[in-house]
Amino acid sequence: MDCVFCKIADGEIPSDVIYEDQKVIAFNDLDPQAPIHFLVIPKKHIESLAKLDEEDKDIVSHIFMVIKKITENLNVAEDGYRIVNNTGEDGGQTVKHMHFHVLAKRSLQWPPG
Ligand code: 5GP
Ligand code: ZN
């Protein structure tokens with residue numbers, strides 16, 4: 001399958017990995033939108049949140065606990081961070097492998113202006 005994030009999970013495409021376990025991998029975004037900007041993905045190919053099957057639902061809570069752990073290790077848990085998930089065309093998803101962005105170390109305006 002021609003999926004860039006599957007290739008990153010396989011190590012076929014190099015990335016700046018910051019966390020890895022049996023089920024997920026986290027790596028820095030190639031085009032960071034904040035001083036800290038990493039992505040957390042399941043190693044299993046799941047196209048998007050909209051395509052998540054009941055049998056895979058536990059991966060989402062696992063990803064959120066991994067985000068909690070990483071942000072604590074990076075010392076940004078206190079100041080805070082933003083988690084972004086883009087789903088499908090209207091959601092602006094460009095890579096069709098479910099992923100969660102984590103952005104920190106910049107005061108982020110909401111709604112974006
Ligand atoms: P999306 O727009 O699908 O939510 O986000 C995809 C993200 O993946 C973008 O922020 C983009 O910079 C990042 N990205 C795309 N290709 C690569 C890659 O090969 N390596 C890394 N580290 N990030 C990538
Ligand atoms: Zn994939």
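Mentor: Donors, in what follows, are N, O and S atoms within 2.8 Å of the metal. The model under discussion is predicted.

Trainee: Which protein atoms are the donors of the zinc ion (ligand 2)?

Mentor: The donors lie 2.0 to 2.3 Å from the zinc ion (ligand 2), and the cut-off for a donor is 2.8 Å. In sequence, the donor residues follow the spacing C-x2-C-x38-H-x51-H. The protein donors are C3 (SG), C6 (SG), H45 (ND1) and H97 (ND1).

Trainee: What is the geometry of the site of the zinc ion (ligand 2)?

Mentor: Four donors count as tetrahedral if all angles lie between 85 and 135 degrees. Ideal angles for four tetrahedral donors are 109.5 degrees. Among the 4 donor atoms of the zinc ion (ligand 2), the angles are 106 to 115°, and the site is tetrahedral.

Trainee: How many residues apart are C6 and H97, and where in the chain does each lie?

Mentor: C6 belongs to helix α1 (residues 4-10), whereas H97 is in the loop between β4 and β5. The pair therefore links distant parts of the chain. C6 and H97 are 91 residues apart.

Trainee: Are C6 and H97 buried or exposed?

Mentor: Buried means under 20% relative accessible area. C6 has 15% relative accessibility, so it falls under that cut-off. For H97 the relative accessible area is 0%, so this residue also counts as buried. The answer for C6 is buried, and for H97 it is buried.

Trainee: Which feature does UniProt place at H99?

Mentor: H99 lies in the loop between β4 (81-84) and β5, and counts as buried because its relative accessibility is 5%. A polar atom of the H99 side chain is 2.7 Å from the backbone oxygen of H97. Beyond four places in sequence, the contacts of H99 are F5, L39, V40, I41, V84, N85 and Q93. The feature that UniProt places at H99, in an unreviewed entry, is "active site".

Trainee: Which element gives the largest share of the largest nonpolar core?

Mentor: This core has 18 residues, and those with the most contacts inside it are V24, F38, V40, I59, I63 and M98. Two or more residues come from each of β2 (24-28), β3 (36-42), α2 (58-73) and β5 (100-104). The largest share is 6 residues, and it comes from α2.

Trainee: Which residues does V24 touch, leaving out those up to four places away in sequence?

Mentor: V24 is among the residues with the most contacts inside the largest nonpolar core. The residues that V24 touches are Y19, V40, I41, P42, K43, I59, H62, I63 and V66.

Trainee: How many residues are in the other core, which lies apart from it?

Mentor: Among the members of this other core are C3, I25, F27 and I41.

Trainee: Is V76 buried or exposed?

Mentor: V76 lies in the loop between α2 and β4. Apart from neighbours within four places in sequence, V76 is in contact with I36, T71, Y81, A104 and K105. The relative accessible area of V76 is 3%, so V76 is buried.

Trainee: What is the phi of N75, and what is that of K105?

Mentor: N75 is in the loop between α2 and β4 and is exposed at 63% relative accessibility. K105 is in the segment after β5 and is exposed, with a relative accessible area of 52%. Although N75 is not a glycine, its phi is positive, about 65°; K105 is not a glycine either, and its phi is positive, about 70°.

Notes:
Residues are numbered from 1 along each chain as its sequence is written. Chains are lettered from A and ligands numbered from 1 in the order in which they are written. This is a predicted model: local features need pLDDT of at least 70, side-chain atom pairs count only at pLDDT 80 or more; totals for chains, interfaces and linings use all residues. Side-chain values use heavy atoms; hydrogens and water are left out. A nonpolar core is a set of buried Ala, Val, Leu, Ile, Met, Phe, Trp, Tyr and Cys residues joined through side-chain atoms within 4.5 Å. Buried means under 20% relative accessible area, exposed over 50%, partly exposed in between (1.4 Å probe, protein chains only). Helices (H or I, at least four residues) and strands (E, at least two) are DSSP runs, numbered from the N terminus. Contact means heavy atoms within 4.5 Å. A polar contact is a pair of N or O atoms within 3.5 Å; within protein, one must be able to donate a hydrogen and the other to accept it, and residues adjacent in sequence count only if both atoms are side-chain atoms. UniProt positions are given in the numbering used here, feature names are shortened, and annotations may be inferred rather than shown by experiment. Donors are N, O and S atoms within 2.8 Å of the metal (3.2 Å for Na, K and Ca); water is not among the atoms, so sites may look incomplete. Four donors count as tetrahedral if all angles lie between 85 and 135 degrees; four count as square planar and six as octahedral if opposite donors are over 155 degrees apart and all others between 65 and 115; anything else is irregular.
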